[in-house]
Amino acid sequence: MKIAVCIKQVPTRDWQPRLNEAKTWIREQDATFEMNEPDAYALEEALRLREKQSGEVVVCSAGPARVAQVLREALARGADRAIHVEDEGLGNADAFVIASALAAAMQDEQFDLILTGLQSDDQGFAQTGVILAERLNRSHATIIMDVQVTGGQTLHVKRELEGGWFQWVDMPMPAVLTIQSGINQLRYATLKGIMAAKKKEIRKSPLPSAATAATKSRIVALYPPEKAKKTHMISGSPAEAARELVRRLRDDARVIS
Amino acid sequence: MILVIGEQRGGKLNRATWEAVAGAQQLAAAVGNQPISVLVIGTGLAELAAELAAAAVQEVVTVEDAALEPYTPDGYTAALQDAIAQLSPSTVVLPHTYQTRDFAPKLAARLDRAIVTDVTGVKAVGSEVAFVRPMFQGKLTADVVAEGPAPHFVTFQIGAFRADQAARGNGPAPVRALTVAVQGQAIRQKPEAPFQEARQAVDLSQAERIVSVGRGIKEQSNIPLAQALAEALGAELAASRPICDAGWLPMERQVGSSGQTVAPKLYLALGISGAIQHLVGMKGSNTIVAINKDPDAPIFEVADYGIVGDLFEIVPALTAALKGT
């Protein structure tokens, strides 16, 4: 079974946002980056499927030169090779551009299954996997919590619905699935894996001009969120702050007795 | 015309449809009072069409076809592609539900039209309309303009508009049936009936007070710290998704879009950053307290009281303060 995993590199969780001069994107030079967490779960699921089914896991990313770091990390965790659609303009691209770029790079690969995270921790569109499925004319399902391959050709997948509900869906391969965080337990790269990754191939794929032209949205302003509420910030030592909070909850908010 | 695509399951309307109608009414006002139509597709829609006809809209359109029950992304995309061709809206509005996330990007890609997801507001910027949406897990907000030919697709975040804010009409709007071409045999997904994993033993929606833990708790061995605080407060213990994913607390104690929606008198968030998937499950709480080491954590935007600091120092102090007085 030939499996592709689309991964994105996003700012780390403890990154403090800083804006560029135009206030339309972040100052990337101030950010530290890591693998988008739902994509890490998608990679883990692909590695587990390969262990059961045999075959190949290829990680794909469309982004600036910096994303080679997460591709190398994916190779260290066990992916067989990587495809990098490299272009400095891809850092803030919309989902149509990313999906078109990935679709072009995957065109000749004949993947049986394409996995990606359900959304990214940066722009959070929750669109790329679904648009990619449409561009490649594949069946798809989103927010997946279990992947089973039956009879070599059919998928039996568990879709998460809202509020604790789930649903099993059958569909033929080739297909695209977007994976929910928590579907499995992540593995980390071993020293042996890190050494082996150095010899693995990262194929550079050019960004087709048609992919750049696919853009359909533009960020006109980026800013810190406006507060929904007036927050009373309580300071002092832990003991002082704790006593003050208890007093406020008892006397002002009246939510404890 | 602005077209709202409603959501239903088994002939029952998802309340988020009314939120989308309220959002569409705000959008209509921002772009110079465009008329609004509501579209629902599936089978057995008469009752919910009558319910939606109470809204201040131009008309309610239904598409009934056996191939649309149960929901599949292939069936919905084919039906809506045809319906949109017949109705030619300028904007298509949907609630940002899991179902919308499953088919709307495919539909927009099929038509090669812009889609802006998870939108919380609408504003006029010069001659353009910008859609307001969170980015970077809620750390920043963006104004986004959709480009290219109409229709543009917009999905509104759950809770961004209130269902009871949707304006009602003076009389019921007309209901019209539309016929579309859907090939049942072309649908590749074969869904089974939805189910719940286990009967939820813990009904957090009834709790008066909730202490909820997030990634900031760091290790499973630290959970008893939060447990002790919950006991001192007479509160239920809950968590954000990563804690339940890790198995540190059972899934039935998860608050957020994939877990339970709660609105207690007191919601105390310990080490929860406040990603939007969590906020939608708890922002209706009466009093929200956030304790977090990151002063920029989005949880503080919805908090009534906030303490910036180390929860491993503050939580035991809080438990002691509650017991001591």
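Two residues are in contact if their C-beta atoms, placed from the backbone, lie within 7 Å. On that basis, 65% of the contacts in chain B with a separation of 6 or more are accounted for by residues 24 or more positions apart. The structure described here is a predicted model.

**Chain B as a whole**

The secondary structure of chain B amounts to nine helices and 19 strands. Chain B has a radius of gyration of 22 Å, close to the 20 Å that the globule rule gives for 325 residues, and is therefore as compact as a globular protein of that length. Its C-alpha trace spans about 70 × 50 × 35 Å along the principal axes. Among the 325 residues of chain B, 56% count as buried.

**A sheet with strands from chains A and B**

An open sheet is formed by four strands in the order E12(A)-E10(B)-E9(B)-E8(B), with antiparallel pairing. Its edge strands, each of which pairs on one side only, are listed below.

| Edge strand | Chain | Residues |
|---|---|---|
| E12 | A | 217–223 |
| E8 | B | 121–125 |

From one strand to the next, the twist averages 35 degrees.

Within this sheet, strand E9 (residues 128–135) of chain B pairs with strand E10 (residues 140–146) of chain B in the antiparallel sense, over five bridges. Val132(B) has Asp143(B), in E10(B), as its bridge partner.

**The helix across the sheet strands**

Helix H1 of chain B, comprising residues 16–30, lies across E8 and E9 of chain B.

Note on methods
Residues are numbered from 1 along each chain as its sequence is written. Chains are lettered from A and ligands numbered from 1 in the order in which they are written. This is a predicted model: local features need pLDDT of at least 70, side-chain atom pairs count only at pLDDT 80 or more; totals for chains, interfaces and linings use all residues. Two strands pair if DSSP finds at least two bridges between them. Helices (H or I, at least four residues) and strands (E, at least two) are DSSP runs, numbered from the N terminus. Axes are lines fitted to C-alpha atoms, for helices over the stretch in contact, and angles run from 0 to 180 degrees between N-to-C directions. The radius of gyration is taken over C-alpha atoms; the globule rule is 2.2 Å times the number of residues to the power 0.38. A residue is buried if 20 or more other C-beta atoms lie within 10 Å of its own, exposed if 12 or fewer, and partly exposed in between; C-beta atoms are placed from the backbone.
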